[in-house]
Amino acid sequence: LDSVYYIMSSNINIVLVNTSHPGNIGSTARAMKTMGLKNLTLVKPKNFPSDVANAQAVGCIDILNNATITKLLEDALSSSKLAIGFSARSRKSNIPSLSINELMRLLHEYSNDNVAIVFGNEQSGLSNDELQLCNYLVSIPTDNAYTSLNLASSVQIFSYEYFKSCNIEPVSKKPLDLANHSSKLVLIEKFLFIMSQLNIITDKNKKSLIQNIHIIFNKTNFTDNEVNLYLGILSKIEKALKK
């Protein structure tokens, strides 16, 4: 079972955004490795590399040494075909949400694809703009008396639930060659540009409309061929508008 899980978990990328304390990065590395996860991406960490992170990693320095560092979340998600944002806060958002169990079932469908599991800053979590880049939102249930989970603890809970689900549930293969996040983002931006040219997007509705378009496109499983087809159509429309 261990070898089977290792193969399955190699597609999972833990993404930490704007992490303030390096100790949380080290503790995250430890939480990951105990459950067979190895891919860590840090988006604009406040202090890294760090001796504090190394001390907290306790035998998991390889996770830190091999971590990818980016300045933008978009870059961290560029090769991912599924991005899951974790948030402890209740939000007024139309971004589709999943329970932990629903997430586990979905991840098995994407076992052959790159998947990003995204965690925000310790104090503020993921911003609305950052969540807008994710396909789904997941919240870990806690007691109402105290709802604040430590960053590394959140990663540990996810990692354990995924490890457990991989060892008790059969894997279903996803035959479609899904488009990655960066390709979908190009499609979204082209679509929004044309909407702007047609004056569908106005100063009054810009914020809500852009968010809704991101949500609609992010929850659609586009293949590479479909993205190319739609981009071709949108390019024709753009040329026609210029005439």
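Among contacts in the protein (heavy atoms within 4.5 Å) between residues at least 6 apart in sequence, 86% join residues at least 24 apart. This is a predicted model, in which local features need pLDDT of at least 70 and side-chain atom pairs count only at pLDDT 80 or more, while totals for chains, interfaces and linings use all residues. Residues are numbered from 1 along each chain as its sequence is written, and side-chain values use heavy atoms, with hydrogens and water left out.

The secondary structure comprises 11 helices and 7 strands, where helices (H or I, at least four residues) and strands (E, at least two) are DSSP runs numbered from the N terminus. The 7 strands form an open sheet with parallel pairing, in the order β3-β2-β1-β6-β4-β7-β5, two strands being paired if DSSP finds at least two bridges between them. Because β3 (68-70) and β5 (97-98) stand at the edges, each with a single partner strand, one side of each is left without a neighbour in the sheet. Strand β2 (residues 39-43) pairs with β3 in the parallel sense over 3 bridges, and L42 stands opposite I69 in β3.

Turning to the overall form, the C-alpha trace spans about 65 × 35 × 35 Å along its principal axes. The radius of gyration, taken over C-alpha atoms, is 19 Å, which agrees with the value near 18 Å that a compact globule of 243 residues would have under the rule of 2.2 Å times the number of residues to the power 0.38. Of the 243 residues, 46% count as buried, that is, under 20% relative accessible area with a 1.4 Å probe and protein chains only.

Definitions and conventions
Buried means under 20% relative accessible area, exposed over 50%, partly exposed in between (1.4 Å probe, protein chains only).
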